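Here is a short briefing to read with the model open beside you. Take a look at the chains first, and then we can go through them together.

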Amino acid sequence: MPFGTPPRGQVRGWHTRAMIWNDPQLLAQLPVLVWPLLLLGAWLIGEWAHHRLALPRITCYALAGILVGGAQLGWLPASAEPLMALAAHIGFGLLLFEAGYRVNLRWYWHNPGLLAAGLLDAALSFVGVYLVAQWTGSPPAQAALIAALGMAASPAALVRVLQEQRAAGQISERLVHVATLNCLLAVIVFKAVLGLTVFEQSGSLVGALYTGVWATAVSAALGVMAGVLLPWLLRSRVLSGDRSLPYALTVLALVGATHLLQLSPIVAALVFGLVARHRREVFSRHARGFGPLGELLTLALFVYLGSRLEGALALTALGAGLALVLTRLLTSCAVMTALARWSGTTWRKGALTGLGLMPLSAFALLLLEQSRHLALDLLDGLAPLMAALLILELLGPVCTQLALRWGGELPARAPEDKS
Amino acid sequence: MSLLPFSDSDSLSFGVELELQLINLSDYDLAAASTDLLALLQRKPFPGQVTPEITTSMIEIASSVQTRFGPLRAQLREIRDTLLAAAQTLNLGLAGGGTHPFQHWSEQRIFPKARYQQVSQLYGYLAQQFTIFGQHVHIGCRSGDEALFLLHALSRYVPHFIALAASSPYVQGQDTLFNSARLNSVFAFPLSGRAPFLLRWADFETQYFEKMTHTGVVKSMKDFYWDIRPKPEYGTIELRVCDTPLDVDTAALLAAYLQALCAMLLDGGEPPPTEDDYLVYTYNRFQACRFGLDGITVHPKSYEQVSLREDVLRTLRRLQPQAERLDSVEALEGVHELVYRGNGAQWLRDARDRAGSVEGVVDAAVRRFAGVA
């Protein structure tokens, strides 16, 4: 204790100040300050990099998180972590709701080429990543898990980049639709593989599959219920103002409920968004993105994700990680390009869509976290995966931005109004 | 630069150009999708013409030269079906309507074509604000003199077309109380308004057009944004005041009405036009934009004030002989029904009441254009 213990009965000015520094309870609370300051710092870096270097903001948020993360500078207090994790999960839920909301299910029906492209991309990514993971030394069970993760693209990061860049066009639409589809497939496959590996020891294969699919189905059912119930509740004309708050609260409730019941918050939030939109519940432009609440939670999400990445571990398997990333990139580009003309677009835009599907880390990290209850801390020990996620966390959004820019889907001049 | 000589055209042949809205089916806002849609449409033959417009959320279709209402309507329907099939592949909807109810002009992107970039440079935000959607009807004329005669004789009937076609009550999410708010954007351009009162093509060339090009203000006929504009390359006059109707059938009805009207005027059904006819022109035009069929129109010769609704009905009665000659009796009955049912602006306001939001209005417009509402 730098100031020493103050003598009893002597309560003068500097002794009062000294007492504050000596109070253990108060000291225990101080770390609470670290996160807001960190978020502020991350936000500033994000703005600067966005304006000067034209980088997506979420890349910078993640970079800030990585730098001060537990495995690097270690400035983050463990005590505040559950709160940050919760904020991250809710932020992710809100973005997934946005993504589901942007999906038009009828488009898959009218454009079978798109549906085929999504399914083929998922299938080939799984196979490709599985083979490469095994080749880089992972045992089959782990390789299957990595492959399941590799099937997806993170709708959250995509939606964020699209919103930030004000992108519009075929690539933007396809990114959201393919990513949502693949994300749902990836969750199902991941849970199935997890069920298989966990229950393999206990012997019930069918039981494992059943649990995996059942969890996804119940989560989807919860999402559907929310998506039908909420528009019905809000149908009164009296409530004709900004509707985004009740939706944000419902996402919160869904995320919380599915966590408690050990189901899939990802599926629940996505399906909620899908159903809400298809009940013709329409948000006005400025209500989308959930305003400042959404901004704050997105910031928290990406900083938190950055902090979960362990740089040292990742660096030990950088080559393997790079191989995984490139496999995903090549399969996505190949599939999207091959099916481009059938799905109504040009080869160039097809290839760029494949490039834009790179972001993964948000989805993968949170899916892994949500599986922690099965007493499998998969992140530790999966060095190639960690490396891949590190690369994608930083470069994924950049790839998407490049794909949009090269596809001509960004406005020529950034509009003045950023609301 | 001298004016192109007026190419003679078959009398009373007609054609329709429609500017359509490209709607993003995810949020019902305008979609910057004309490049993608055109790329897709190029793969197959198109039953008409399809071209881009100044901003990428607009697409323009044109029928071929027709002479009768029936085939025109059939062709427009075929064009609509082709467009819808392609749009569906791209998650797009199509809608009529003179304005998009809640688009923001600052988000519109200029189509990458030289002329549009030049216009954008010259007119600044007016170019993006020109994300408005109109119907242009061309009527074939046998000579430049006939064209000018029809142009000035039709001035009395311009409010009819404004009121019948009006379908732009909403701008930036708000009810403007106008039936056609679109025309306010057109009037902002310096070269809008009406043609000078000259009845001989030679006079028009020498006394007006050559002088205007000499000043350097104007390079071609395209630079004028008049309500009725001669198009010497086609040998037609072009009526430009109509908002895009909410479905292609109404577009065909309006074209047939114009054709019958021109036939009546050429038959000598009205006294010859004079400069003084334009004394009441801007007032009548404003009434039509603001109040639609409930607006008051002042007769340019007798100065009688009647509601537009009444004036249209009277005119329809007078056009029976021409309608029979041109096989457009069905079309005039359709216009009659339109007068009673109400115009597009009325329909959009009703849709807003039913849906409770402007996004719902766009949804309703998309479904009506597709013919499913």
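A salt bridge here is a side-chain nitrogen of Lys or Arg within 4 Å of a carboxyl oxygen of Asp or Glu. With that rule, Glu107(B) forms a salt bridge with Arg166(A), and the closest N and O atoms are 3.6 Å apart. This is a predicted model, in which local features need pLDDT of at least 70 and side-chain atom pairs count only at pLDDT 80 or more, while totals for chains, interfaces and linings use all residues; side-chain values use heavy atoms, leaving out hydrogens and water. Residues are numbered from 1 along each chain as its sequence is written, and chains are lettered from A and ligands numbered from 1 in the order in which they are written.

**Where chains B and A meet**

- The rule finds two salt bridges across the interface of chain B and chain A.
- It also finds 16 residue pairs in polar contact there, both residues at pLDDT 80 or more. A polar contact is a pair of N or O atoms within 3.5 Å; within protein, one must be able to donate a hydrogen and the other to accept it, and residues adjacent in sequence count only if both atoms are side-chain atoms.
- On the side of chain B that touches chain A, the elements giving two or more residues are helices H1 (34–41), H2 (69–89), H14 (344–355) and H15 (358–370) of chain B. Helices (H or I, at least four residues) and strands (E, at least two) are DSSP runs, numbered from the N terminus.
- Chain B brings 22 residues to the contact and chain A brings 32, where contact means heavy atoms within 4.5 Å.
- About 2,200 Å² is buried between chain B and chain A, 39% of it on carbon and sulfur atoms. Buried area is the accessible area (1.4 Å probe) that two parts lose on being put together, summed over both.
- In chain B, the most area is lost to chain A by Ser26(B), Arg43(B) and Arg109(B), together 26% of what that side buries.

**Helix H3 of chain B**

- Within H3(B) (residues 114–123), Tyr116(B), Val119(B) and Tyr123(B) are buried. Buried means under 20% relative accessible area, exposed over 50%, and partly exposed in between (1.4 Å probe, protein chains only).
- Ala114(B), Gln118(B) and Gln121(B), on the other side of H3(B), are exposed.
- Strand E2 (49–52), helix H4 (125–129) and strand E9 (225–226) of chain B are among what covers the buried residues of H3(B).

**Chain A as a whole**

- Chain A has 19 helices and zero strands.
- Of its 419 residues, 55% are buried.
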